[in-house]
Amino acid sequence: MNGNDATAYNLEQHTPKSVIKVAVLGAESTGKTTLCRDLAAHFDSPWVSEYMRTYLQAKWDDEQLTCTWEDLLPIAQGQVTLENTLAKQVAQSSNASHYLFCDTSLFELMVYSYWYYGDCPTALEQAALAHHYDLILLTDIDTPWVADDLRDSPHQRDEISAYFANQLSKHQKSFQRISGDRKARVRQVVAQLADIDNISPRQG
């Protein structure tokens, strides 16, 4: 299956040195988008939306079709383009905040590719493993599952969350589990970012 033509896609990540990137990963309906929005509001920083949802919602609305193998690289390209564009904006902004909160990453797309298809396009996997984030968060499943047009795994969140943790550890990607209510989650991330700033302060 691993035969996608990747020549039309540039999945290279561009992160200015002054920008600290936070990737929020996890099973569906575990509060990833809510956490990104709350962190962006707390720090008055931008956040990168999940391009896959925009792409697949449009596909569903137009054709009543769900994700296929052929959608993976276009989704990856859209996600990287969004992330790179906002990272550049953060670096050029006069705002004191230097954070960019990413609602998913190519690593999450890679994990789901293996989960659903048992394989992953080579270009996607190589980019997913090469991309760097200063902090990777794995959201816990202690939030209610909310149905929508795209979600399909209300009874597998435990299994999928464990699979995420396994894949992150397998590829030596350090991560922090985030749980609790909205305020508790923000407090946990604020503390993590304070530690990062103290260890490796960035230059503008």
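## Residue classes and the model

In what follows, Ala, Val, Leu, Ile, Met, Phe, Trp, Tyr, Cys and Pro count as nonpolar, Asp, Glu, Lys and Arg count as charged, and the others, with Gly among them, count as polar. The structure described here is a predicted model.

## The second largest pocket

By these classes, the lining of the second largest pocket is made up of 5 nonpolar, 6 polar and 3 charged residues. The pocket holds about 190 Å³ of space, and of the 14 residues that line it, Y133, D134, L135, I136 and S174 are the closest to its centre.

Two elements, β4 (135-139) and α7 (182-199), each supply at least two residues of this lining, and the largest share, 3 residues, comes from α7.

## The largest nonpolar core

The largest nonpolar core has 37 residues, and those with the most contacts inside it are L11, L25, L100, L106, L109, L124 and F164. Two or more residues of this core are given by each of β1 (20-25), α2 (51-63), α3 (72-92), β3 (99-103), α4 (106-117), α5 (122-130), β4 and α6 (157-170), while the largest share, 8 residues, comes from α3.

For L109, once its neighbours within four places in sequence are left aside, the residues in contact with it are M52, L72, I75, A76 and L124.

Conventions
Residues are numbered from 1 along each chain as its sequence is written. This is a predicted model: local features need pLDDT of at least 70, side-chain atom pairs count only at pLDDT 80 or more; totals for chains, interfaces and linings use all residues. Side-chain values use heavy atoms; hydrogens and water are left out. On a 1 Å grid over the protein atoms alone, a cavity is a set of points where a 1.4 Å probe fits but cannot get out, and a pocket is an open set with protein on both sides within 12 Å along at least five of seven lines; lining residues have an atom within 4 Å of a point. Grid points are joined across faces, edges and corners, and a volume is the space filled by probe spheres set on the points. Helices (H or I, at least four residues) and strands (E, at least two) are DSSP runs, numbered from the N terminus. A nonpolar core is a set of buried Ala, Val, Leu, Ile, Met, Phe, Trp, Tyr and Cys residues joined through side-chain atoms within 4.5 Å. Buried means under 20% relative accessible area, exposed over 50%, partly exposed in between (1.4 Å probe, protein chains only). Contact means heavy atoms within 4.5 Å.
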